[in-house]
Structures are given as C-alpha cells and as structure tokens.
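Me: Please take a close look at a single part of this model. I want the details of how that part sits in its surroundings, with the cut-offs stated.

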Amino acid sequence: MFEVSHVSRRYGRHGATGTVLAVDDVSLVVRPGQRLGIVGESGSEKSTLIRMLAALDQPTSGEIRFQGETVSGRAERHLGGLRAAVQLVFQDPRSSLDPRMRVADIVTEPLRSSLLRRRPDVPRDHRARLAEVLEAVDLPLSMASRYPHEFSGGQRQRIAIARALAPKPQVLIADEPVSALDVSVRAQVLNLLNDLVATFGLTLVMVSHDLLVVRHVCDHVVVMRQGRIEESGPTEQVYGDPQAAYTKELLAAVPRLRF
Amino acid sequence: MTPSAEPLLVVRDLRVAFGRARNEVLHGLSFTVGARERVGVIGESGSGKSVTALAVMGLLAENATVAGSVRLHGRELVGLGDRELSALRGDQLSMVFQEPMTALDPTMTVGRQVAEVLRLHQDTPHGTARERVVAMLGEVGLADPERVADAYPHALSGGQRQRCVLAMALINRPDLVICDEPTTALDVTVQARVLRLLDAELDAAEAACLFISHDLAVVSQVCSRILVMLDGEIVEDGSVGDVFTRPRHSYTQGLVATARLDQVPPGTRLPTVEDFYARDAGGRRGAP
Amino acid sequence: MKRAPLYLGAVLVGLVVLAALGSLVWTPYDPAAIVGPKLAAPSFAHPVGTDHLGRDVISRLLVGARATVAVGVVAVALAAGGGVPLGLIAGMSDGRYAQGRRGAWLSEALMRAVDVLYAFPALLLAILLAAAVGASTATAMVAIGVATIPAFARIARAATLTVMTQDFVLAARASGTSVGATAVRHVLPNIAPVLGVQASVSFGIAILAEAGLSYLGLATPPPTPTWGRMLREGQNVLFGAPEQALWPGLAIAVAVLGLNLLGDGLRDLLDPRLREVS
C-alpha cells in the first residue's frame, strides 16, 4: 500500500539557521490489510508522519509511494486517487467536525468534493451512502439533521468515522482516535474500529501513545522517538521481546493495575 | 501513630449546586480520608470528581452553593471566609492540578513562585527562602535546581513543570494533598517517574492524598483506597484490592472490565461499561 | 430575558431605519423650508421646535437619518467587501493548512498592503476626495469605507487563522475539498459571527465618522440635513438654545447604541451551539 523511503521533514527556510528537523529519515512499508500501530510520546512526530502519508503535508526529502505511485510532492489535482482511498480520523472530536454544518453534510462532504465527485470508485447516491455509513457506526439516520454540539464525544467520533468511510476507502488512518474520549466510551469506539476494519477489509494505520490500545488493535507496530523509528515489527514480537532500549523503557512505564 | 478523635478529612452529605437554577451536581457525598491515607477518586467527566476537590479546597466559583460538612482536623471548612481558607491552603491543604502550564504563572520565575508559597505560611528569615526553595526543587528530582529556580515555566518541559507544581504543593508539608489528574497531560515515561516521586514525597511529608483520575491503573500506583463516582454520587468505596477483584456496583464492574486491556486477547471484543451497567436518559438501571 | 439586548438593539435600529425610509415618503414639513419662527420651543405644530433658520427640526432629523443609514450601509459594505476577502486569503495562506505549499509570503504581502491603508484615516481620505471632486455623500461613503477596510481585513484574518487550526479544515482537505470550497463552505460560516459583530461596531463608527465629516463640511453639502451638520449648527447656538445640539446628538447616540446591542445579540443568536437542543 504505502512505501515510505527515507522521508524527512524539516521546518524553517532552506538553509537558514533555526530549522527544525521533525521527521528524520523514516522508512517503512504498509501492506494491504495490515493493521499498523505507530506509538510514541510527545515529540515523536508520529502525527507529522501520518499527515505526510495522507498528503496533507509534504516531506522535505525522501519519497512516499501509494499503491506504486509517488504521492509526495505532487499537486493537489493529481491526488484524487489517494484522497478517495485514504481517509483520516482525527483525535479531537470537538474540532474535527464543522460546528456549523449538519451531520448529513459533514458525513457526505468527501462525496461532494470536486476532487472525488466524479471518480468511478466513489458512491454517487449520497443519501443512500449516508444511511449505509451511519448504520455501520451504529447511529440512527434521524440524527443526520442535527449539529455536532448535540452529540457526546463518543458519538462525534463515530460521526467522524462515518465520514471517513463514506468514499469507500481502502485505508483508514486514525490519529489517537480514543485519547480524547472518556474511558467508559473508549472500548465502544475501539470495538467499532475493529469491526469495521474486519468487515470492509481495510488497511489500518493507527497512531497512539497508549501501548495497550495498540497491542489490542494492531498486528504490526512501529515505535517512534523524536522523529526516528526506534523499532518495528509484529506487535507480539516487539512487546514480548523488545530490542531497543527505548521500547523497553516505554513498556516498563505503562501503569498496570497494582493491588 | 496516635489515633485521633476523628479522621483527618471528614466529608458528610456534601451537596454542591450551580447557578440560580440550583443545578445540583453533587448529591450528598460522604467519605473520609485518614491521616497519611491515600484515597483515589475515579470517575468519568461529568461525574463531579473535580467539583469535589474544588469544594474541599473552597475554590468553587461564586455561583456555587455548598451544603453539608467538610471537616479538616475537626474544623468545619464549609462557610469559612476566604481569609481563613487562604491561611489553610498551601499550608495544611494543597492541590496539584492537571495542566502544569496554567498552574504556573508564566511571568514569574519558578523559584519565586515556590518561595511565595513558602513565605505565605512560614516564617522565613531573610535569605533562607531561596535555600529552602532550591532544596525542595532538588528533592522533587530536578537536576540543577539552582538553574530551574531562576527559569521561567515556558523554558521547562511538562514533566519538569509538574515537579515544580509538586514542590509548591509540598513545601509546607501539608496534611492533605489533593491531586486532580496530575499526570494525565504527561507522557507515559514521564508519568511513571512523577508517580514514583509523588509516592515518595507523600511518605516524606507524612501527608494524606486525595487522587483524582479517570485511569484506574494510575490510581492503583499511589492509592490504597478507591472511591468511584457516578453522576455526582459515590457508588463504591473500598480498598484497591476489593474494588478490582470484588466490585459491588455494576458500574464499577464495567469500569474495571474495560480497564483491563491486558486481559483481553488482541483483536477480540473489548468489554464495555455498557455490558455491565446501562443508563437511559432519565434514571439508571442495573445490568442490561 | 437573555434576548433583551437583541430586541432593544433591533428596536432602536429599526426606529432609525424607519425614520430614514419614512422620510422618503413623508415628512411633517419640507426640511429646507422656513416654516416658523427661529428657535421656537416645542409646540404642537413643531414637536421638537425649529432651528436657527426657522426650519422644522423633526423633519430635518428624519431626513438626516437617510444620510446616516446610507453612509453606514455603503461604507460597511465597502469595507467588508474589500477587507474580508483580503483577510480570508491572508489567513488561509498561512499556517498549518498551507503547509507543504508555498504561500506564507502572500499572507505577509496582503497584510502589509492593508497596513499602508491603515495609515490613511477617513478624515484624510475625505479631504483628498473633497479636494478632487467636491464633498458629497458619496465621497464620505468612499472615504469611510476605504478607511475601515483594514479593520475588517485584520479581524477576518485573525478569525480565519483560528478556524484553520481546527481539524475539520484538514478533514475537508483530506476529503478533496478545494481551497475555494473550503473558504466558502467552512471558513466563511465560522467567521461570520465575528464579522457580524465587527460590522455593527463599524456601522456605529461610520455614523460617528459621517457626523464628524459633515460637521466639517466634508460630506453631504447643505441644504440637505445631516445629523452631523445639525450638531454643528447647534453648536453655534449652544448657549442660547442647547436643545438644538441635543436632538441630533441623541439621534446619533441611539443609532450607535442600537447597532452595538444588535451586533452582540445577533452573534449569540446565530451560533448553533447556543440554540436549544432540538
């Protein structure tokens, strides 16, 4: 699916002093059907990395290929294929939905955008698709005429997931999808994500700082620290037999129920 | 330890309402915290756990009406004037907040802020304040405490700032420290260190602690007893071991089940709170 | 009761607009005609008295409302029409949304251009225009409008930057929504409340500016009455007949107050978050 080759992202003007190297020479591969977790703490720049995967940001060096085609450095109008196939779910359910739009319009926005509208792989019947995705996330269709502020955090996150599913994507990129939610609601959303990924055969890339969540959902994991990859591999292997010192430190720091 | 007539903190039938409409958010809470005891308060947002902490500290907004009793060392706090409460705060009773950036004044150096707390409550002859501030900053694990004392909050990392906040809360060796989600905003490795620090400092200060969090695992690192709050009421009160292994209320059962991610095989369905405890719009029901 | 400011504002502004529109159809007397003794006290024939030339004050007030409303509306429309697009484009060229695309220079360029404009107060522009083509209502409108563009541009840019930090803008881009569509469908509706308040504030300022300009003779020329010039004329007889200045002054105050109340009230009204949950 994705091939990331020696990608770096530098902030600041070319050659000027005071530039910041955020992502540093990262290479990884995401295979179809894989569930990849990206873990790291603040400063690991994991969110920057996935934004580059979704072509919302451009690497300053290196290359990103999606399904064999280069997507880094390309103009917006050539990214239709990527945009239709790769969708995002953001961390904060309060800011990821436009407070002035109704849920129906929010969820069908990907279907109405100029870039995706005329593509053959994108559903044409917006109303039908709206009903389908709302049902998939277990929200009644009657809610579609309401505004985001009328919903709880967990429900808003489900709306965001419905929006991501609308154009029938192949890849779902989730940036800390449950971190901003109450503990009692997290399990619901995680179960939902698991189900959807299985039902629709999606490839999942999930960013989280919570190692237990990643262990539960992902079959492969990448550990990032300060813009670099410290370790990567199948989840069971990395968690069971960590090689890098940082990975061991991370795993040891996870608070466990003590009694 | 000499037994006292009554526990350090006794809260009886505490009710808090806001606004003219008197929307009650706490419906008659009753609990105690003994000397040197560490009690955790677990609940989701809206359960009223932060309101409880603020009520004990006397820090609620102007439009709050407080009824009931909060006694510290046998002395009634509800209804006390601000001057008397201020004398207690920082001295016998202190609080650690979630967001260290907003708990620290960005225009003052850290050293000055810690010194302010010290001078407010203790006699500090000229020149000794700085010594004690630096000593305290060192005690909370800050490397190069002299430099940190002269630094402004924005120059420090999140973990460092939270240690400074801890220093401020502990420098007068209070009897009760209230922590409101003190590590929620921190990275997990930093959190582990700050929790260990808190554990050690509470021991050194011989202080009791009321630890508020949404995270069961975090609470269990520091506390020996747990209160579970739901919609402004305490639904469970017991030792950490009892609450985790033999929870009585169905909501607690749900919380414990959903928190034990390590017990569930990866990829399978996670237990949700709803599996144990379902609530409808009006009232509450037990198991679905 | 929470809506009281909104209703009061609406009423006050409504009165002024009604006066302006009504005066097109009917006034008690011809505002330019001398119809009574000079500086007559209020009476049944002339409810607010007459001015220093014997003209009916009420009629002059009503007609004066026209200039006030007209200048306010056109000036604000000009300012918004020029300032909002500038601020919006500047805001969208900057920051996280634009990352990976060149564009921060555009934001800088636009705002510097706006700064240049800021250096020209309405008064200066009005004088220049009056010198060039002679003072008139139109020159006042243009002068005030152009001088208010920077206020709208800055507010629009600041509000746009705030909106751009929200994830839903990024989500729109990930959905393939074009920059233009994002600006129209996402940014504009979200900055509208702030702009609305700015509009009502600017309206009030425009009215005051018009009064000042016409006081100085740089706006509508006589004999068409304007509140500003009536103030001026009232100033001349301030010791003998203070009420001559009182009435136009009061009219200006009512208009400005009404607009401020209306602006605040509308902003609250239009926020879907404050609407009752259906």
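Reply: Start with the domains of chain B. The centres of domain 1 and domain 2 of chain B lie 29 Å apart, taken over C-alpha atoms. Domain 1 spans 9-246 and domain 2 spans 251-288; such bounds come from an automatic or database domain assignment. The model is predicted: local features need pLDDT of at least 70, side-chain atom pairs count only at pLDDT 80 or more, and totals for chains, interfaces and linings use all residues. Residues are numbered from 1 along each chain as its sequence is written, while chains are lettered from A and ligands numbered from 1 in the order in which they are written.

Domain 1 of chain B gives 9 residues to the contact and domain 2 of chain B gives 5. Contact means C-beta atoms, placed from the backbone, within 7 Å. On the domain 1 side, helix 9 (216-222), strand 9 (225-230), strand 10 (233-239) and helix 10 (240-245) of chain B each give two or more residues. Helices (H or I, at least four residues) and strands (E, at least two) are DSSP runs, numbered from the N terminus. That side has 8 nonpolar, no polar and 1 charged residues. Here Ala, Val, Leu, Ile, Met, Phe, Trp, Tyr, Cys and Pro are nonpolar, Asp, Glu, Lys and Arg are charged, and the others, Gly among them, are polar.

Now helix 11 (residues 250-259) of chain B. It is mostly covered, with 8 of its 10 residues buried. Buried means 20 or more other C-beta atoms within 10 Å of the residue's own, with C-beta atoms placed from the backbone. The buried residues include B:Tyr251, B:Leu255 and B:Val256. B:Gly254 and B:Thr258 are also among them. What do they pack against? In chain B, the partners are strand 3 (38-42), helix 9, strand 9, strand 10 and helix 10. From chain A comes helix 6 (183-200).

Chain A deserves a look, then. In all, 30 residues of chain B contact 24 residues of chain A. Helix 8 (188-205), helix 9, helix 10 and helix 11 of chain B each supply at least two residues to that side. Helix 9 of chain B gives the most, with 5 residues. By class, the chain B side divides into 15 nonpolar, 10 polar and 5 charged. Chain B and chain C do not touch; their nearest C-alpha atoms are 14 Å apart.

Strands pair if DSSP finds at least two bridges between them. Strand 3 and strand 9 of chain B pair in the parallel sense over 4 bridges. There, B:Val39 stands opposite B:Arg225 in strand 9 of chain B.

Notes. Two residues are in contact if their C-beta atoms, placed from the backbone, lie within 7 Å. A residue is buried if 20 or more other C-beta atoms lie within 10 Å of its own, exposed if 12 or fewer, and partly exposed in between; C-beta atoms are placed from the backbone.
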